[in-house]
Number of protein chains: 4
Amino acid sequence: MELSEETVVWRTRVRYAETDQMGVVHHANYPIWFEASRSEFCRKRGIDYGQIERDGMLLPVLELRVRYLQPAHYEDEVEVHTRVIEIRRSLLRIQYEVRLNETKLAEGETLQMLVSKATFKPVRFPPEIAALFLKTSEG
Amino acid sequence: MELSEETVVWRTRVRYAETDQMGVVHHANYPIWFEASRSEFCRKRGIDYGQIERDGMLLPVLELRVRYLQPAHYEDEVEVHTRVIEIRRSLLRIQYEVRLNETKLAEGETLQMLVSKATFKPVRFPPEIAALFLKTSEG
Amino acid sequence: MELSEETVVWRTRVRYAETDQMGVVHHANYPIWFEASRSEFCRKRGIDYGQIERDGMLLPVLELRVRYLQPAHYEDEVEVHTRVIEIRRSLLRIQYEVRLNETKLAEGETLQMLVSKATFKPVRFPPEIAALFLKTSEG
Amino acid sequence: MELSEETVVWRTRVRYAETDQMGVVHHANYPIWFEASRSEFCRKRGIDYGQIERDGMLLPVLELRVRYLQPAHYEDEVEVHTRVIEIRRSLLRIQYEVRLNETKLAEGETLQMLVSKATFKPVRFPPEIAALFLKTSEG
């Protein structure tokens, strides 16, 4: 399967509540930003995640990795660049980059699994949803 | 109805993530502590809030008030003292005090309403649950 | 002192992490939204809150009130309308309304005090900052 | 250097605010639990992290990894088992296991760097602090 090179960008301004007493953004906020950027990715691609849940499925995170390179500060307007790197059976792997202007602040990856809400057992991605995660701009 | 004078005490040690760049606990954590103390209150009184939800009801917060008197700091071992001050039809009013040793750090109040999960319409408290919220130690 | 009628509007899309198992936004997120909207208010009025902190002052919240009217849900694009209703000596009182389209979801108020970072003692608002909080569009 | 096999255990009861609309604990809470368990580790070993900060140093997280195996639920009383696996120059590597009774819910790892508060440049761990992170029960 040919994967899209395209990223979707989500922007946020750092909230005061996201800082800690180090004077920088607390590291546990990055997975929350990744998730918000992932939601934006879905919206941009026409994937209705809310509907996936209403259809009895969930997409929990199985694995999370973050590398923190530079701190983010209150009021910084950061960008999270998100791209799907793999979708296979019930698994979805996504990469993220957090940037402030041209500086990379952090990078990360999540592995998610589509599961049944009732049983938490894996469910294969419906082909039409897999296609939306993967489609290129030409597509 | 005669209300209990008794409070239930819940203890927590301030987490680093709960601080902000002022170097103190961010004020939005207090309602979370109130809620955790309320959960402890229910457990101590034999009220199974999880079961209330499984029975198709929810207990959302309608009103919240907090007065912040003194800041809390990383690693402080704070106490939240919780007592029910009113339960009537579908409404539950609870008061909280956050203390560090003998110092009062904050006080607050919540008003909650028992509602149907399906409709978000008010539901009267079942008398046996109301009695558990109100029971005194002698009771 | 004549107060501005004007509000500043801050928009956010509800993050998945902001929901709880009731399926709606957890109530402790509203004070975080109020704060983000307050930051936007400051930016729009030319008040540099970061600079206030670097100048050795802080603006902690002394009182918080929230009334929750309707729940907010994942992906809702909510607005927080913010207006200053009082600034006097070291005290700043602000009101908030959370709206989804034309529906009011919640309303709230904060009372803050300008204090010295070193001592947590009250400091009078410098007149030029007070003026920025209060200025009207005509001003 | 010989490393301790010993783990320190920190316990918490899942807060309602930690759940999300999947009905389980949101994955971004695990790094917060890791951190709280790390704080407990320090306390148990006689390492005063607050003092390290007051001495002009910080210990930010450079890398975070989490593997989620089973979901945690509201009111679960979970344990986080924490052990240092490496301390070298300015780097500290710690592993975590989240357990509910005998079931492993998640595992993770953090890499932290001791840095100067003023410059964010790396600082070697003072030998007496390194020794406390590493000491065995026999030691």
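**Strand pairing and chain contacts in a predicted model**

Strand E3 (residues 61-68) of chain A pairs with E3(D) in the antiparallel sense, over five bridges. Two strands are taken to pair if DSSP finds at least two bridges between them. Helices (H or I, at least four residues) and strands (E, at least two) are DSSP runs, numbered from the N terminus. Within this pairing, Arg65(A) stands opposite Arg65(D) in E3(D). The structure is a predicted model, in which local features need pLDDT of at least 70 and side-chain atom pairs count only at pLDDT 80 or more, while totals for chains, interfaces and linings use all residues. Residues are numbered from 1 along each chain as its sequence is written, and chains are lettered from A and ligands numbered from 1 in the order in which they are written.

The contact between chains D and A takes 15 residues from chain D and 15 residues from chain A, two residues being in contact if their C-beta atoms, placed from the backbone, lie within 7 Å. On the side of chain D that touches chain A, the elements giving two or more residues are helix H1 (29-45) and strand E3 (61-68) of chain D. E3(D) supplies the largest share of that side, eight residues. By class, the side of chain D that touches chain A has 11 nonpolar, one polar and three charged residues. Here Ala, Val, Leu, Ile, Met, Phe, Trp, Tyr, Cys and Pro count as nonpolar, Asp, Glu, Lys and Arg as charged, and the others, Gly among them, as polar.

Antiparallel pairing also occurs within chain A. Strand E4 (residues 77-88) and strand E5 (residues 91-100) of chain A are joined in this sense over nine bridges, with Val84(A) opposite Ile94(A) in E5(A). Their hairpin has two residues between the strands, and in it Arg89(A) takes a positive phi near 50 degrees. E5(A) is in turn joined by 10 bridges to strand E6 (residues 103-113) of chain A, again running antiparallel. In this second pairing Arg99(A) stands opposite Lys104(A) in E6(A). The hairpin of E5(A) and E6(A) has two residues between the strands, and Asn101(A) takes a positive phi near 55 degrees there.

Chain B is superposed on chain A by a rotation of 180 degrees with 0.0 Å of shift along its axis (RMSD 0.0 Å). The two copies are therefore related as by a two-fold rotation axis. The superposition is by least squares on the C-alpha atoms of residues with pLDDT of at least 70 in both copies. In chain B, the C-alpha nearest the axis belongs to Asp20(B), 1.9 Å from it. The same surface serves both copies, as 100% of the contact residues of chain B recur in chain A.
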